[in-house]
Structure formats: structure tokens, C-alpha cells
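Subject: A structure for you to look at

Hi there,

Here is the structure I promised to pass on. Please open it beside this email, and I will walk you through what turned up.

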Amino acid sequence: MEKSQNNLKLFENKKIRYVWNAEEEEWYFSVVDIVVVLTGTQNPRRYWSDLKIKLTKEGSELYDKIVQLKLISSDGKLRETDVLSTKNVLRLIQSIPSPKAEPFKMWLAEVGNEVLNESVDPELSIDRAIQNYRKLGYSEGWINQRIKAIEVRKALTDEWDKSGVKKGKEYALLTDLMYKTWAGMSSKDYKEFKGLKKENLRDNMTNIELILNMLAEASATEISQNEKPTNLRESTQIAVSGAEVALDARKSLEKRGGKTISSQNAKEIGDSQLSIDDENQF
């Protein structure tokens with residue numbers, strides 16, 4: 001996930017942590033903070049743990065929507081925290097009986113206005129993403145690559161929209177197919193290879209991986225603009241063709257002894273390795 005700057009807003013004098021995901025164009029909110037607001041409990045983590053068990057037993061899809069992102073905790077450190085998108089926060093509210101449900105929904109709507117501001121001035125969302133990556137310790141070179149990757153991804157999804165590809169499952173299908181083509185792994189397998197669970201895959205890619213994925217997506221965008229597909233089937237063929245360009249580049253680099261696919265994730269790469277990659281990527 002493209003994570004972005006950690007933010008704090010107050011709801012009735014209680015702090016709600018949230019982040020803007022620039023890649024998905026979606027807000028994500030801390031679940032335990034919401035639990036505190038709605039229930040007033042002194043042990044929100046226990047409440048949330050019990051609720052997750054209850055939701056699982058009931059067969060609720062909400063559990064599968066939980067994402068873990070690093071948010072600033074009370075001790076000032078960044079820690080993995082359960083978060084939900086705005087849409088899924090509304091589902092969460094339905095699972096927690098509370099007289100504060102309606103006022104909190106109004107609060108969510110106010111926060112949503114910030115999205116409109118960023119749609120008018122896209123630089124705001126980009127700046128937000130840059131600030132957060134810096135806080136997480138990524139090198140400036142990696143951040144530049146990551147922001148460019150978001151722009152390239154947006155150009156491709158714009159093409160998918162024009163072609164009638166639907167957000168959600170069809171986006172995921174094409175993305176997965178492109179990973180399988182150039183990296184030889186589905187997104188699920190790729191995450192497992194890097195030791196990830198619900199973390200964003202691209203936030204854990206090395207510079208080379210980001211570049212190869214950008215090449216795949218930029219190539220697919222260029223081909224799509226030339227061939228003008230009108231349905232998912234045609235867009236699928238183009239997605240594979242674009243990813244094959246990246247596959248050829250990957251094979252060419254590996255023949256010359258270069259490293260391409262890495263099992264390292266963001267925690268293992270560290271600033272020094274990222275900086276070394278930055279110096280040699282061109």
C-alpha cells in the first residue's frame with residue numbers, strides 16, 4: 001500500500017489516527033482509536049480482539065478487509081496497527097452499538113472533504129506520501145522511485161477505466177497477471193516470498209523491482225493507448241504484453257549477473273542498502 005503521512009484528528013477530544021493511501025486513493029483509519037470513540041472502553045485492543053473473533057464466527061467479510069499500516073503510537077514510535085478504509089469503517093460502526101455512531105459518520109464525511117481538496121490539487125496527496133515515506137526511513141532515491149511508480153500506476157488504471165475494466169476484482173486480476181508474467185509469482189506468492197502479510201507489496205520492493213514493475217505498467221499503458229481495447233479480455237492481452245517487456249529486461253539483467261527479484265522487505269533493506277541501489281540504478 002502506498003502509505004502516506006500519519007495524521008491525527010480529534011473527535012470529541014479523542015485522537016483518531018489515519019493515513020491517506022495515494023495509490024488506492026483511500027483513507028485508512030486506526031480501528032482501536034475508533035473503538036475508543038464508540039465504546040469508551042479502557043481496553044480497546046481487547047475489545048477489538050474479541051470483536052474480530054465474533055466477526056469471524058459470523059462469517060463477516062470485514063475481517064478480511066483489515067490492513068496493517070505503521071502508525072505513530074503513544075510512545076512516539078511507528079508500530080503496525082490494524083486499519084480500515086472509510087467504507088469498511090462504516091461497516092465496523094454497524095457492528096458496534098453506540099450512540100456516537102451517527103456523529104462519527106458526520107466526522108468521517110468532514111475528513112472526506114480533504115480528498116476533494118487533493119483531487120483539485122494532486123500535489124497535496126503526493127506531498128503527503130513523501131512525508132510519510134521519509135518518516136519510515138526510506139532513502140530519497142527510493143521515495144522518488146515510489147512516487148513515480150504511483151504516477152505510472154495511475155496512468156495504467158486510467159487506461160483500464162477507459163477500456164471498461166472494473167475496479168476491485170478485475171483490477172486485481174490484471175495486476176496479478178502482470179506480476180506472474182514478469183516476476184514469475186502471483187501477488188500472494190510475491191508477498192509470501194518477502195515475508196509479508198497484509199503489508200503493501202510495492203512498499204517492500206527494491207529499486208530494481210520498482211523499476212521492472214513500472215516498465216511493465218508503462219509498457220501496458222503505451223500499448224493500450226495504441227490499441228484502444230474495449231473490454232477486459234483485450235485489456236488482459238495488453239497487460240501480459242506490457243509485462244513481457246519487463247520480463248525481457250529482467251532476463252537480460254540476470255544474464256549479466258544483476259539481481260532482480262529480492263526476498264528482502266522494507267525492514268530488511270534499510271537505508272544503507274536503498275542508498276547503494278540508488279547510486280547504481282542508472
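Which residues of helix 3 (residues 86–95) are buried? They are T86, N88, V89, L92 and I93, where buried means under 20% relative accessible area, exposed means over 50%, and partly exposed is in between (1.4 Å probe, protein chains only). Seen down the axis of helix 3, these buried residues fall within an arc of 155°, so they line one face of the helix; the arc is that of the directions from the helix axis to the C-beta atoms. On the face turned away from that buried side, helix 3 carries the exposed residues K87 and Q94. Helices (H or I, at least four residues) and strands (E, at least two) are DSSP runs, numbered from the N terminus.

Before going further, a word on the source: this is a predicted model, in which local features need pLDDT of at least 70 and side-chain atom pairs count only at pLDDT 80 or more, while totals for chains, interfaces and linings use all residues. Residues are numbered from 1 along each chain as its sequence is written, and side-chain values use heavy atoms, with hydrogens and water left out.

**A charged patch**

Together with K65, R91 and K169, K87 forms a positive surface patch. Patches are made of residues with over 30% relative accessible area and no salt bridge, with like charges joined within 9 Å and nonpolar side chains (Val, Leu, Ile, Met, Phe, Trp, Tyr) within 5 Å. Lys and Arg count as positive and Asp and Glu as negative, while His and the chain ends are not counted. The place of a charge is taken as NZ of Lys, CZ of Arg, CG of Asp or CD of Glu, and accessible areas come from the Shrake-Rupley method with a 1.4 Å probe, where for residues only the protein chains shown count as cover. K65 counts as partly exposed because its relative accessibility is 37%.

**Salt bridges**

Side chains of opposite charge can pair when their charged atoms come close. A salt bridge here is a side-chain nitrogen of Lys or Arg within 4 Å of a carboxyl oxygen of Asp or Glu, and by this rule the count comes to 16 salt bridges. Here are some of them:

- In helix 4 (residues 101–120), E102 and K105 are three residues apart, so about one helical turn separates them. Their side chains meet in a salt bridge at 3.2 Å, N to O, and K105 is partly exposed at 29%.
- In helix 7 (residues 169–183), D176 and K180 lie four residues apart, about one turn of the helix. Their salt bridge spans 3.7 Å, N to O. D176 counts as buried at 18% relative accessibility, whereas K180 is partly exposed at 47%.
- In helix 10 (residues 232–255), R250 and E254 are four residues apart, again about one helical turn. The salt bridge between their side chains is 2.9 Å, N to O. R250 is buried, with a relative accessible area of 17%, but E254 is partly exposed at 34%.

There is also a network of salt bridges, which links R153, R202 and E217.

**Contacts across the chain**

What separates the C-alpha atoms of E12 and F104? The distance is 9.4 Å, although the two residues are 92 residues apart along the chain. E12 is placed in the loop between strand 1 (6–11) and strand 2 (14–21) and is partly exposed at 44%. F104 lies in helix 4 and is buried, with 0% relative accessibility.

K197 and Q68 are 129 residues apart along the chain, with 8.6 Å between their C-alpha atoms. K197 is in the loop between helix 8 (187–193) and helix 9, and its 69% relative accessible area makes it exposed.

T157, in helix 6 (residues 140–162), is buried at 10% relative accessibility. Its C-alpha atom is 7.9 Å from that of Y171, 14 residues away along the chain.

Most residues other than glycine have a negative phi, and most peptide bonds are trans. K228 is not a glycine, yet has a positive phi of about 50°. You will find K228 in the loop between helix 9 (207–227) and helix 10, where it counts as exposed at 60% relative accessibility.

Enjoy exploring!

Best wishes
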